[in-house]
Amino acid sequence: MTPSTAQRAQAPNDEIVTAFSPAETSAMDAALEAALRGPRGANPLVGAVVVDSEGRHLVTGYHRGAGTAHAEADAIAQAAAAGLDLHGATMLVTLEPCNHVGRTGPCAQAIIEAGITDVIYAVDDPHDPAAGGAATLREAGVRVRSGLAAGEALELNRQWFQGVAAKRPFVTLHIAQTLDSRIAAEDGTSQWISSPESLADNHGLRGRIDAILVGTQTVLIDNPRLTARDASGAVSGRQPLRAVMGLRDIPADAAVRGEDGRVLHLPTREPRDALSQLYAAGIRHVMVEGGSRILSAFLAAGLVDELIVYLAPTLLGSGTPALDGLGITTLPDAQQWDWDQSDGGAVRTLGRDLRLHLRPQHTQTLEPQPHSEPLARLGGAEPALGGH
């Protein structure tokens, strides 16, 4: 996506600019590329590059997920480790530096303390400018400009921006299937369609999300534990909330109840209602697993932000299909998806399997918007204090 000149120059409440130098444009391009190395989820993908007065790249940082150093702090830490003095340098970052304390400190203050004198960011963080990082930086005497590569930055985190506006969790949908799109054999057996490497990757995903969601039918038939486990099979330290949606009760002896009591029953069959309840419970990133019905319901509702498919080189010929119909009757109405290059790339080999990573194909162009209602960056189960 290429934004118009007006869009690239848009800088609400900051210095209005009409052009950026080739060195600045190159550094922002590098920041956007670095951002793609991080994982999608409750936090946006963010990259940061620091250049000297000659436009030479000094350090590049990116955000590795909730609870880790923000892109700006990552770049500054790298500079400190290398003995680089950033006084008088310029930082280019794909999203407005944060100004709040969550699981990590405010980036605006870190930038000030590092002696960086110029900051260029692509798009505003969607919260009240009075509490934003740009205002804090200006008050400290830092020159602040924005709007460079705004369209590209918005597209980079399109689903995240839309989720923040809708006040719902970021949704990752996971499918483990055969070549002929079966998630279980005719007799109901499904363990294990995926390779051990795919299973390990999935448990890694479970370890960084806020909640894992299945339907009551999956609980009744498969009796899953829905825990995150390490390579040895031991329960990992950080566990997602286990959520079950459906009108039927969860059996008292169901494995999903676990020993810690961190299970939430959502008495609904409507995906939007389930997401609203999860958001109210502080959940900002949920992974949907389970049977064909729940997978199809979220896809049909257009509520999937990220699709991860583990494709096993196996044929069953019959059995349970991955999807139970999306209400599509003609090819022009088919859902279209784009390959997602973030977090390791769109296609990876895991043992005998292929791991496919996709995001919804955009249907409209997002426009840079001025600050509006106070919505902070989100981080895990800290709805008011998270960070990128």
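Helices (H or I, at least four residues) and strands (E, at least two) are DSSP runs, numbered from the N terminus. By that rule, helix H10 is followed by Gly 282, whose phi is positive, near 90 degrees.

This is a predicted model, in which local features need pLDDT of at least 70, side-chain atom pairs count only at pLDDT 80 or more, and totals for chains, interfaces and linings use all residues. Residues are numbered from 1 along each chain as its sequence is written, and side-chain values use heavy atoms, with hydrogens and water left out.

## The whole protein

The protein has 11 helices and 16 strands. It has 388 residues, and 52% of them count as buried. Buried means under 20% relative accessible area, exposed means over 50%, and partly exposed lies in between (1.4 Å probe, protein chains only). The accessible surface comes to about 16800 Å². Carbon and sulfur atoms hold 52% of that surface. These areas come from the Shrake-Rupley method with a 1.4 Å probe; for residues, only the protein chains shown count as cover.

A contact means heavy atoms within 4.5 Å. Take the contacts with a separation of 6 or more: 73% of them join residues 24 or more positions apart.

## Helix H10

Helix H10 spans residues 271-280. Which of its residues are buried? They are Pro 271, Ala 274, Leu 275, Leu 278 and Tyr 279. Seen down the axis of H10, these buried residues fall within an arc of 135 degrees, so they line one face of the helix. The arc is that of the directions from the helix axis to the C-beta atoms. An α-helix has 3.6 residues a turn, so residues three or four places apart point the same way.

The face turned away from the buried side carries the exposed residues Arg 272 and Ala 280. What covers the buried residues of H10? The cover includes strands S6 (170-178), S8 (211-215), S9 (241-245), S10 (263-266) and S11 (285-288). Helix H11 (292-300) is also part of the cover.

The charged end of Arg 284 sits over its ring, 3.6 Å from the centre. A charge sits over a ring if NZ of Lys or CZ of Arg is within 6 Å of the ring centre and within 35 degrees of the ring normal.

## An aromatic pair

A pair of aromatic rings is described by the distance of the centres and the angle of the planes. Rings of Phe, Tyr and Trp (its six-membered ring) pair if their centres lie within 6.5 Å; planes under 30 degrees apart count as stacked, over 60 as edge-to-face and the rest as tilted. The count comes to 1 aromatic pair. Trp 160 and Phe 161 form this edge-to-face pair, at 5.1 Å centre to centre and 75 degrees between the planes. Trp 160 is buried at 5% relative accessibility. Phe 161 is buried too, at 14%.

## Salt bridges

A salt bridge is a side-chain nitrogen of Lys or Arg within 4 Å of a carboxyl oxygen of Asp or Glu. The count comes to 14 salt bridges. The table gives some of them.

| Pair | Closest N and O atoms |
|---|---|
| Arg 64 and Asp 74 | 2.9 Å |
| Arg 348 and Asp 201 | 3.5 Å |
| Asp 343 and Arg 208 | 2.8 Å |

Start with Arg 64 and Asp 74, which form a salt bridge. Arg 64 lies in the loop between strand S2 (57-62) and helix H3 (71-81), and Asp 74 lies in H3, so the pair ties together parts that are 10 residues apart in sequence. Arg 64 is partly exposed at 40%, whereas Asp 74 is buried at 10%. Arg 64 also lies over the face of Tyr 62, at 4.0 Å from the ring centre.

Next, Arg 348 forms a salt bridge with Asp 201. Arg 348 is in strand S15 (residues 347-350) and Asp 201 is in helix H8 (residues 196-206), so the pair ties together parts that are 147 residues apart in sequence. Arg 348 is partly exposed at 24%; Asp 201 is buried at 17%.

Then comes the salt bridge of Asp 343 with Arg 208. Asp 343 is in the loop between strand S14 (337-339) and S15, while Arg 208 is in the loop between H8 and S8, 135 residues apart. Asp 343 is buried at 16%, and Arg 208 is partly exposed at 31%. Salt bridges that share partners also join Glu 155, Arg 158 and Arg 359 into one network.

## Backbone details

Asp 343 has a phi near 50 degrees, a positive value in a residue other than glycine. Ser 181 has a positive phi as well, near 60 degrees. Ser 181 lies in the loop between S6 and S7 and is partly exposed at 33%. The peptide bond from Gln 191 to Trp 192 is cis, with omega near -5 degrees. Trp 192 is in the loop between strand S7 (182-184) and H8.
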